Amino acid sequence: MKFPFYKQLDGMDCGPSCLRMIARYHGKKFSVQQLREQSFIQRTGVNMQGISEAATSIGMRATGIRTTIDKLKQQSRLPCILHWNQIHFVVLYKIVRKKGKTYFYIADPAYGLLKYEEEELKKCWISTSQGGIEKGIAMLLEVTPQFYDTTPIKYEGISLWHLLRYVHPYRKMIVQLIIGLLAGSVLQLAFPFLTQTIVDQGIGHRNLNFIQLILAAQLMLVFSRTLIEVIRRCILLHISTRVNVALISDFLVKLMRLPMRFFDSKLAGDLIRRIEDHKRIEMFLTQSVLSILFATITIIIFGGVLAVYNLKIFLLFLLFSILYVGWVKLFMRKRADLNRKNFEQMSVNQDNLMQMIYGMQDIKLLGCEQQKRWEWENIQASLFHINIKSLNLGQWQQVGAVLINEVKNILITVLSATAVLNGDITLGIMLSIQYIIGQMQGPIEQFVSFMQQAQDAQLSLERLGEIHSKPNEEEDKGPDSDEQISGNQSIQLQDVFFTYGSEKSKKIIKGVSLNIPAGKTTAIVGLSGSGKTTLIKLMLGFYPPTEGKVCIGGQSLQDLSFKQWRKHCGVVMQEGFIFNDTIANNIAPEDDTVDKKKLLYAVDMANIRSFIETLPLKYNTRIGNTGQGVSQGQKQRILIARAIYRNPDYLFFDEATNALDTDNEKTIQRNLDQFFKDRTVVIVAHRLSTVRNADQIVVLKDGNITEQGNHDSLISQQGDYYRLVKNQLELNA
């Protein structure tokens, strides 16, 4: 029985995909989305604990072990999961001993079903060496009775039929395309008969005028076919462009409605790949399907004509075409294996080159130029061996395919010539048969590529289905949701717990209860990793609390519109983003037309006006999407100006001035003290100057509130806040 294989949808999906394959092997079909949610995947991927929790949730018993290669060979509990290259997970599903060698059969969710020799496996699996004994990490899985009682969660996906609604508005154009395809096929069908007529009637009767007439007809048919093809391509370009824009637009709309937790588990590259998936689906819908339709029509029409001319030749063509397709498919898996190895080695090569370029200063300081060059040369040697294998494989595939086609053509020529000599067909029909064979070869190759394109489109659909089936951050909560936020309400946290992973994961916030009074400034201080930034994200509605409630004026934030709530907020986060746009548009990204009065007030408050007005283009100066061209301090001041421009009722500052020099910080702090008046402000900061004037100071330690009060009262307690201030003063001294 062939081991069931599922390709991972994202770069971080290897763990859930491995578990999905093993569950399918034991007879149950779970979606990767369910297993991903149960394993609490993050942007850095999933760990063994997450896979274990997902396995337990579907009724499997998981045991993590660190073992040697010899003990792994004796392992009877297969399939199991192996930790691969210390960054990936694969399934070991079979071990075979043959001719004194041991072969390990691996299901790699990134590349497919592969076979490794022992030394190859050790390079990828061994992670530690203790006392000269090399070991790797594996997870053994056993099914329990609960496994067979577990019902897989069904998620709403999308199918090609669902996507056809994007093509439906252009049905008239689609009909025109099909008519064009049929017309082109009919015109093409005339050529073999015209060729037969020229030979049998024109040449046979030595009638030059007749030959010229037929040639003129052929030229008219060629011109007509070319015109139809040009029109068809124009229509196809129009449809494909419109469909592609509609697909990606709907995808971006859906993406912007998803909660922040979704983006925590996705790499930017994975989301970009999904946009490429839309292009692949659009190409499949508008080009591949129509091309295969044209190929099918061509094969049916010309195959029928060939069968009428000579059934033996048609059957011979059919037999060799099947052999050709089989021969090409025989090499596809081996080529995929070599492509995978080449891809891995090219990645290593790229990383090595990047290290050399970016680390040149340290390479020179350490005097290790030769060692680094030798590392690169060793990588090139490995690439050379892979390329030689790939070249040999490609040559065998090409030689075999050419041989099959040439033998087919020779045999058809022999059969045709014999039929002419026997008087079964004319010389004109023989030439027509040669023309038909040439016309049918292209569609056969299209069928081979269409199978691969259909597989790719199915995988893209599965990836897109996972996005479209995700629940939105919020559903429509009615037009009066904004009326529930007055702008002068206090913020309450009621026994809030929060963790980024499962319930067994470390709790970042532990039972926090806090009242943030309206119109006052509250400062949150604590050591790094104590949960300060997480607390702000909870108040902004980026994550729902694991337990407890965040309330605005006594009403749960989960019952309000997050979009409307954030309209009342001005926020400066540690990882604030600078768009690839002008300074003015970076300060006012939500406005189509920038309010100049508000803009000038914001830059004055952020103490950046003098810098901007020294630039040649002033507020129209473009700055990069990660802040290129501006220093970290200037970037922070632009972000502060952005928050002030909104004129919000609530302000959240997370280390908003930590990159500023002392003079700038004093000026901005003085301006902000004026701007904060009658506004609800939450500040996260380490600097004493930023928090000492706050109405309320909250000390957070390991996710708990340990102290609360103003600066003077907390200093007098000589507790955690006192120690933070004392350490900072000693450091400054």
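Helix α15 and its two partners

Tutor: α14 and α15 cross in a right-handed sense (the near helix is turned clockwise from the far one by less than a right angle). The model is predicted, with local features requiring pLDDT of at least 70 and side-chain atom pairs pLDDT 80 or more, while totals for chains, interfaces and linings use all residues. Residues are numbered from 1 along each chain as its sequence is written, and side-chain values use heavy atoms, without hydrogens and water.

Helices are DSSP runs of H or I with at least four residues, numbered from the N terminus. The axis of α14 (residues 369–421) comes within 9 Å of that of α15, at a crossing angle of roughly 160 degrees; axes are lines fitted to C-alpha atoms over the stretch in contact, and angles run from 0 to 180 degrees between N-to-C directions. α14 and α15 are therefore roughly antiparallel (angles over 145 degrees). In contact (heavy atoms within 4.5 Å) are, among others, Asn 405, Ile 412 and Val 420 of α14 with Leu 427, Met 430 and Ile 437 of α15.

The other partner is α8 (residues 171–203), whose axis comes within 7 Å of that of α15 (residues 427–468) and crosses at roughly 155 degrees. α8 and α15 are therefore also roughly antiparallel, and the crossing of α8 with α15 is right-handed. Residues of α8 in this contact include Gln 188, Phe 191 and Val 199, and those of α15 include Leu 427, Leu 431 and Tyr 435.

Technical notes
Helix = DSSP H or I, 4+ residues; strand = E, 2+ residues; numbered from the N terminus. Parallel < 35°, antiparallel > 145°, perpendicular 65-115°, else oblique.
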